[in-house]
Amino acid sequence: MAADSLPGQMRSAASTLLASLDGPQRELAARSFTDDARRWLEYRPAPRPGACIADMGGPARKAAHRLLATGLSEHAYAQAMAIVALEEVLDRGEGWLLGRHSGDYWVAVFGDPAGHEPWSWRFEGHHLSVTMTVSGDEISPAPVFLGANPACVSYAGRVVSRPLAPEEDVARALLDALGPAGRAIAVVSDQAPADIRTGTRPRAQEHIEPPGIAAARLGPTPRAVLGQLVALYLGRLADGLAAREAARVTAGELHFAWEGPTTPGQRHYYLVQGDDLLIEYDNTSSDGNHAHTVLRRPRSDFGGDVLAAHYRRAHHAAPTDTAPTAR
């Protein structure tokens, strides 16, 4: 594997991170690949497995961010950093009562990035969770969760901060392009759910009902906008990963569904689902100013696809994945 390949970059960044941590921090960050915590998605504000960014020295913090950046495109990394900074804004808005902190993010490496067996890494905290699983020269890039609270900060009618603006705006452009007949199929409920439907479950539901409108029923313009919406989420990934995922998802049928009012500023939710693809978005709490978005692969989250291929090649059974026992 070339050192400048994306798997090579991840291996180098993870190895550099582990080498930059002191003994206790390294023990927290370096975990077995069979650790139950490997299959973990938690976007609520609470401690989680791994080494905390706030407790690291400067070189280790920089190494952790460089590892995160290997998996994300430039614009998605910028979104992630805006989300991290919003912890301080949210803390101020709550009167500093909960002590939220932009350092309250954790990084963990599962397995040995310098070895020959599969390994993975995760960077996670409030409203940010990125997991990448590496097996040889293959990377499985899911789940990727980005949220924002507040989703929008404005002054004098002008937006100051809105890190997940494209995720809402492109979906609304799709609603417009559908026209009345298409919206009648796509809008499956006048009330949005309380949160994304998959929540923090390590196994995502593969088919969510009702599915909404199928891409096959769309005219050229709404079909193109749906493609833009999918590309937006896949575009969170580093370039090579995004291109591979785009080629994979075009092979199956896509469905789009919206729940809640279509008027901006009200609580709303949408999903896009296809073959081993699930995109969820909600803006349903804090009076419609608190957004969650996630890119998942229900059959392949946490490396399910690359691990199955690895174990087939190795001619031995895969270890049993178990869900985290605590949250």
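This is a predicted model: local features need pLDDT of at least 70, side-chain atom pairs count only at pLDDT 80 or more; totals for chains, interfaces and linings use all residues.
Local features are given only where pLDDT is at least 70 and side-chain atom pairs only at pLDDT 80 or more, while totals for chains, interfaces and linings use all residues. Residues are numbered from 1 along each chain as its sequence is written, and side-chain values use heavy atoms, with hydrogens and water left out.

**Overall form**

The protein chain holds 8 helices and 15 strands; these are DSSP runs, helices being H or I of at least four residues and strands E of at least two, numbered from the N terminus. The radius of gyration is 20 Å, close to the 20 Å that the globule rule gives for 327 residues, so the chain is as compact as a globular protein of that length. That radius is taken over C-alpha atoms, and the rule is 2.2 Å times the number of residues to the power 0.38. Along the principal axes, the C-alpha atoms fill a box of roughly 60 × 55 × 35 Å.

Of the 327 residues, 53% count as buried (buried is under 20% relative accessible area, exposed over 50%, partly exposed in between, with a 1.4 Å probe and protein chains only). The chain exposes about 14,000 Å², of which carbon and sulfur atoms supply 55%; areas come from the Shrake-Rupley method with a 1.4 Å probe, and for residues only the protein chains shown count as cover. Among contacts (heavy atoms within 4.5 Å) with a separation of 6 or more, 67% join residues 24 or more positions apart.

**Nonpolar cores**

A nonpolar core is a set of buried Ala, Val, Leu, Ile, Met, Phe, Trp, Tyr and Cys residues joined through side-chain atoms within 4.5 Å. The largest one has 69 residues, and Trp121, Leu229 and Phe256 touch the most other members. Helix H6 (residues 220-234) gives the largest share of this core, 7 residues. Apart from it lies another core of 8 residues, among them Phe33, Ala37, Ala108 and Leu307.

Beyond its neighbours within four places in sequence, Trp121 is in contact with residues including Met10, Leu67, Leu68, Ala108, Val109, Val130 and Met132.

Leu18 belongs to helix H1 (residues 6-20) and is buried, at 13% relative accessibility. Leu18 and Ala30 are 12 residues apart along the chain, and their C-alpha atoms are separated by 7.1 Å.

**Backbone features**

Most residues other than glycine have a negative phi, and most peptide bonds are trans. The table lists departures from this pattern.

| Site | Backbone value |
|---|---|
| Ala142 to Pro143 | cis peptide bond, omega about 5 degrees |
| Glu209 to Pro210 | cis peptide bond, omega near -10 degrees |
| His127 | positive phi, near 70 degrees |
| Ser286 | positive phi, about 50 degrees |

Pro143 is in the loop between strand E6 (138-140) and strand E7 (144-148). Pro210 lies in the loop between strand E10 (187-189) and strand E11 (213-214).

The loop between strand E4 (119-125) and strand E5 (128-135) contains His127, which is buried with a relative accessible area of 2%. Ser286, in the loop between strand E14 (277-283) and strand E15 (291-296), is partly exposed at 42% relative accessibility.
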